[in-house]
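Here are my notes on the model you sent. Please read them with the structure open beside you.

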Amino acid sequence: MTKQNKQQIDKLGAALLTPITAATNTLGTEKAQLATADRQRADTSGITAEITGTTSLLATLNASYDAFLATQAQNLVTVL
């Protein structure tokens, strides 16, 4: 893969990376909230449910990005 091809893939994939970054950041915040709630012996069921949802979303987003990368690599091979 040439540097130019990689730059093109990165540019096209940026739209997919933005929500992945946001979900990753959200997950970090939720985990911190869970730790705080746990230390305070508070009910953690709500934040645990949020973590589960965010983790699921992140898995879906990552799968979409992986599929995008595979498609881009395949397209490059086809073009070459």
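Predicted model: local features only at pLDDT ≥ 70, side-chain atom pairs only at ≥ 80, totals over all residues.

1. Thr 21 counts as partly exposed, because its relative accessible area of 44% falls between the 20% and 50% cut-offs. Thr 21 belongs to helix α1.

2. Which residues does Leu 16 contact, once neighbours within four places in sequence are left aside? They are Ser 64, Tyr 65 and Phe 68. For Leu 16 and Phe 68, the C-alpha to C-alpha distance is 8.8 Å, across a sequence separation of 52 residues.

3. Please look closely at Glu 30. It lies in helix α1, which covers residues 3-39. Glu 30 is buried, yet it forms no salt bridge. Which side chain of opposite charge is nearest to Glu 30? It is Lys 31, at 8.7 Å. A salt bridge would need a nitrogen of Lys or Arg within 4 Å of a carboxyl oxygen. Beyond its neighbours within four places in sequence, Glu 30 contacts Ile 47, Glu 50, Ile 51 and Thr 54. Note that another Glu, at position 50, is in that set.

4. Is Thr 54 buried or exposed? It is buried, because its relative accessible area is 10%, under the 20% cut-off. Setting aside residues up to four places away in sequence, Thr 54 touches Ala 23, Thr 26, Leu 27 and Glu 30.

5. Gly 46 is in helix α2 as well. With a relative accessible area of 39%, it counts as partly exposed. Gly 46 and Leu 34 are twelve residues apart along the chain, and their C-alpha atoms are 9.2 Å apart.

6. Check the backbone at Arg 41. This residue is in the loop between α1 and α2, the latter being residues 45-79. Its phi is positive, about 55 degrees, and Arg 41 is not a glycine. Most residues other than glycine have a negative phi. Arg 41 is exposed, because its relative accessibility of 77% is over the 50% cut-off.

7. Now the overall fold. The protein has two helices and zero strands. Its C-alpha trace spans about 60 × 20 × 15 Å along the principal axes. The radius of gyration is 18 Å, whereas a compact globule of 80 residues would have one near 12 Å. Among contacts with a separation of 6 or more, 71% join residues 24 or more positions apart.

8. Burial and surface come next. What share of the 80 residues is buried? The figure is 20%. The protein exposes about 5,700 Å², and carbon and sulfur atoms supply 58% of that area.

9. Last, charge. The protein carries 6 positive and 6 negative side chains. The centres of these two sets are 12 Å apart.

Note on methods
Residues numbered from 1 in each chain as written. Heavy atoms only, no water. Helix = DSSP H or I, 4+ residues; strand = E, 2+ residues; numbered from the N terminus. Rg over C-alpha atoms; globule rule 2.2 N^0.38 Å. Buried < 20%, exposed > 50% of the residue type's maximum accessible area, 1.4 Å probe, protein only. Contact = heavy atoms within 4.5 Å. Areas by Shrake-Rupley, 256 points an atom, 1.4 Å probe, with all protein chains shown as cover. Lys, Arg positive; Asp, Glu negative; His and termini not counted. Charge placed at Lys NZ, Arg CZ, Asp CG, Glu CD.
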